[in-house]
Amino acid sequence: MKISHNWLQTFFDQQIPNPAELEDLLTFHSSEIEEVVKVGNDTVIDVKVLPDKSAWLMSHRGMAKEISVITGIPMAHDIFKTKPVLSPVLDKININLKTANCDYYASALINGITVGPSPAWLVERITALGQRSINNVVDATNYIMFELGQPLHAFDADKLATENNQYKIGVRNANEDEEIITLTGENFKLSSADMVVVDAVTDSPIAIAGIKGGQRATVDLNTKNILLESAHFERKTIRHTAKNIKLRTDASVRFENGISVGLAPLSLPVVLELIIKIAGGELIGYGKAGLAEVKRDNVAVTTAKINSVLGLNLTNEIVLSILKKFDYSYKLEGDNFTVTPPWERDDLFLAEDLIEEVGRIYGMEHVASIKPKLEKVSKVNVRQYYAEKIRRTLIDLGFSEVFTSSFRSKDKVKIKNALASDKGYLRSRLHDNIIEAITKNIPHRDLLGLTTIKIFEIGTVFDEESESFQLALGVRTGTTYKAKVDDELLKTAQHEIENTLGLNITWFNTDEGVSEFSLDDILSKLPMPLQYDEVVKTATINYQPFSIYPSISRDIAFWVSSDTESAKVVSLLSETAGNLCVRVTLFDTFMKEDKTSLAFRLVFQSKERTLDGSEVDSLMTKVYDAVAKAGWEGR
Amino acid sequence: MKNIGHQHLLSKMIAEINQIFSQIGFEFAEGPERELVKYNFDMLNVPADHPSRDMQDTFYLADAPELVMRTHTSAVQVRYMLDNKPPIRMICPGKVFRNEATDATHEAQFFQLEGLMIDKDISLGHMKGVLEYFSSKFFGGEVQVRFRPSFFPFVEPGVEVDMMIAKNEHNKLSGRWIEIMGAGMTHPNVLRNAGIDPTVYQGFAFGAGIDRLAVLKYGIDDIRLMYNGDLRFVNQF
């Protein structure tokens with residue numbers, strides 16, 4: 001939610017902290033700050049208001065109160081304290097609440113206004129928050145919503161019918177398939193779970209209650225007389241409708257977060273005073289229905305409990321000073337506080353809620369850390385223990401571990417709201433993912449310095465009834481599956497896993513050099529481990545982004561004297577081949593008399609472009625020359 | 001020539017995390033990835049019609065309104081508390097799912113680390129101590145932890161946790177505050193739902209993205225690399 005620093009200042013006589021200081025104070029005592037942006041001579045602070053504070057913090061008044069509590073600077077102007085009242089009550093507006101989901105509705109009639117552009121100060125305030133200025137009446141309702149948190153709406157009174165010289169406003173559940181066109185022209189079809197405000201004379205909808213006004217009674221440049229709505233709608237209904245018709249507005253967000261009903265009667269005199277000031281006109285009177293009274297239950301907490309949860313050593317005096325900053329009414333007996341939450345706060349029910357208030361205002365930085373006791377865990381997780389054992393076995397055999405997606409394009413279990421059509425189902429086996437991963441890695445064998453791709457995954461698979469923790473492994477030596485070579489390697493790995501675990505495993509989905517088994521099926525047959533094996537800590541490695549361009553490989557073989565160290569040969573080759581040579585792999589060695597034959601594969605790749613074969617060939621010419629110069633005889 | 005394979009960074013990190021926590025008595029727990037709404041939301045104090053349920057975009061299953069792909073490992077908290085009485089010290093690393101568009105910093109599936117400690121007199125001070133112990137061992141060096149107010153429905157008070165590794169020229173993460181996880185004191189409703197008397201017991205819970213820890217520790221620029229089976233990534237570690 002965007003908050004203007006200049007606007008905040010209007011609640012105080014004393015200077016409030018500058019935006020940078022405020023950002024810090026709010027971060028450590030209230031809410032996360034998304035962004036602080038300079039707008040003209042103002043600064044706008046974008047505050048991430050989380051659900052627990054949304055009922056009372058989504059307004060400049062709410063934020064000003066928060067700042068007053070944090071800094072101790074008193075609010076000089078607070079409508080919640082002056083509590084303006086309206087008169088006269090009028091028989092010109094009849095309000096009928098036909099649904100329990102609207103507990104209070106007030107409507108004021110102002111005649112003789114002049115709709116036009118807003119004054120410069122109002123345009124500045126509204127646009128600083130990234131809103132569009134529409135006209136003085138609409139801007140005034142929006143302004144008071146951003147000021148106090150109460151959504152408001154103005155209807156053109158002359159577009160409504162009257163009966164016996166009386167306006168009739170109703171709030172009722174929508175009829176099944178009832179349609180309404182909003183003031184911005186979209187058509188919505190509603191259901192009986194939704195709520196509408198109606199012109200009760202004709203029973204026709206003039207607003208989707210609490211969400212958006214209808215086109216029918218839109219205020220425009222010809223409007224002379226208006227009915228101003230300040231009402232309270234039940235949060236669950238608004239949430240349901242906003243979600244269903246996919247229309248979330250500044251109004252709906254505030255209602256669904258549970259703003260207090262007490263805001264509605266308070267905001268009406270404020271907004272109509274502003275409208276009369278900037279658009280002229282005269283208040284004829286107002287009508288209301290329902291009750292706007294708020295009863296809050298007491299919450300009790302002891303200083304001992306506060307300290308025991310926060311890990312602090314606060315005294316009664318410190319707790320007291322914090323409660324006073326909030327203006328909470330409270331009683332103190334011994335170290336037992338009984339607090340009556342103010343009417344605007346809907347988030348204080350439990351001792352823990354008060355503990356949070358005390359903790360965040362006092363400052364969480366005062367929490368002192370208590371060192372944990374060193375004490376080995378007594379129970380070992382069998383799944384983790386044996387999964388790690390299998391991993392070590394496979395890694396020794398040259399297998400690398402992969403993690404792949406749990407989603408498939410088609411399988412047994414369907415996701416109701418999938419991200420994409422190729423992710424619509426849960427995987428029922430690992431087999432297909434392993435095949436895909438092998439296929440993806442085959443072209444990179446030279447780059448990886450591998451002749452065979454050997455991979456495995458340990459993860460969860462799903463069928464209709466249950467899920468299972470499985471392992472799949474796969475090998476491929478050529479570009480396609482070759483039973484003779486690949487099955488041999490697969491079998492060796494299967495045997496090694498069985499040896500490690502000391503039991504026979506039922507393998508399934510064995511096909512194309514891939515095989516799978518369920519860890520869950522065998523864990524109960526394995527001995528209970530007493531402690532975890534030590535994890536070998538590897539040096540911290542920084543990930544290196546790899547090139548997206550294809551690589552080119554070249555082989556070279558030559559004779560060296562048998563006392564030549566191959567490492568020296570490798571470094572000569574890679575130095576000569578230059579930076580584009582990303583890997584030198586020794587792939588064949590044999591001895592004949594006093595000579596050794598070495599065969600290397602050099603892999604070339606650029607980070608910026610696709611390499612040209614002739615470019616690599618000229619690099620290889622350099623390599624041949626260097627080899628000859630070293631006295632090594634080519635083969 | 002013998003080629004040694006490579007363990008995936010995620011399972012390697014999980015083993016390392018488990019080793020660190022096992023030394024201070026935290027048990028490795030697990031739970032299903034396809035979870036009952038009851039454990040993923042209801043019993044964690046996330047009511048059906050409350051905006052707090054919108055904090056996480058959820059995958060639902062067709063024809064099974066009682067099931068979701070778990071949105072957090074917190075789902076394991078209640079399961080564990082129903083089976084184990086305090087004192088409780090538990091971690092749960094595992095896969096979680098969010099219905100979010102993917103990019104270099106977001107995956108629809110990723111790994112989380114849950115932690116839970118419940119006893120008669122556990123405070124935010126204990127949480128600070130445990131998280132400092134963990135971060136020091138995991139990132140190396142002397143690590144300080146600080147809390148900022150936040151909100152998660154299953155804790156009260158809720159905090160964001162930042163860490164700072166003592167300044168060290170060999171570690172580019174050192175000398176500045178870095179957000180690492182969300183945490184807080186377990187909400188009394190959650191304890192009660194799990195059959196633990198909140199007037200007797202209290203404690204803390206935390207939840208961190210293991211992927212995020214990997215991004216921090218290893219300088220990974222695209223978390224999708226962890227889930228696409230590409231050995232050009234896997235074999236670097």
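This is a predicted model: local features need pLDDT of at least 70, side-chain atom pairs count only at pLDDT 80 or more; totals for chains, interfaces and linings use all residues.
Local features need pLDDT of at least 70 and side-chain atom pairs count only at pLDDT 80 or more, while totals for chains, interfaces and linings use all residues. Residues are numbered from 1 along each chain as its sequence is written, and chains are lettered from A in the order in which they are written.

**View 1. Buried and exposed sides of helix α2 (residues 19-29) of chain A.** A:Leu22, A:Leu26 and A:His29 are buried (20 or more other C-beta atoms within 10 Å of the residue's own, placed from the backbone). Because these residues cover an arc of only 85° around the axis, they lie on the same side of α2(A); the arc is that of the directions from the helix axis to the C-beta atoms. A:Ala20, A:Glu21 and A:Asp24, on the other side, are exposed (12 or fewer such atoms).

**View 2. Packing of helix α6 (residues 120-128) against helix α7 (residues 136-148) in chain A.** The angle is about 55° and the axes are 10 Å apart. A:Leu122, A:Arg125 and A:Ile126 of α6(A) make the contact with A:Asp139, A:Asn142 and A:Tyr143 of α7(A) (C-beta atoms, placed from the backbone, within 7 Å).

**View 3. The side of chain B that touches chain A.** In this interface, 73 residues of chain B are in contact with 83 residues of chain A. Helix α4 (124-139) of chain B supplies the largest share of that side, eight residues.

Notes. Helices (H or I, at least four residues) and strands (E, at least two) are DSSP runs, numbered from the N terminus. Axes are lines fitted to C-alpha atoms, for helices over the stretch in contact, and angles run from 0 to 180 degrees between N-to-C directions. Two residues are in contact if their C-beta atoms, placed from the backbone, lie within 7 Å.
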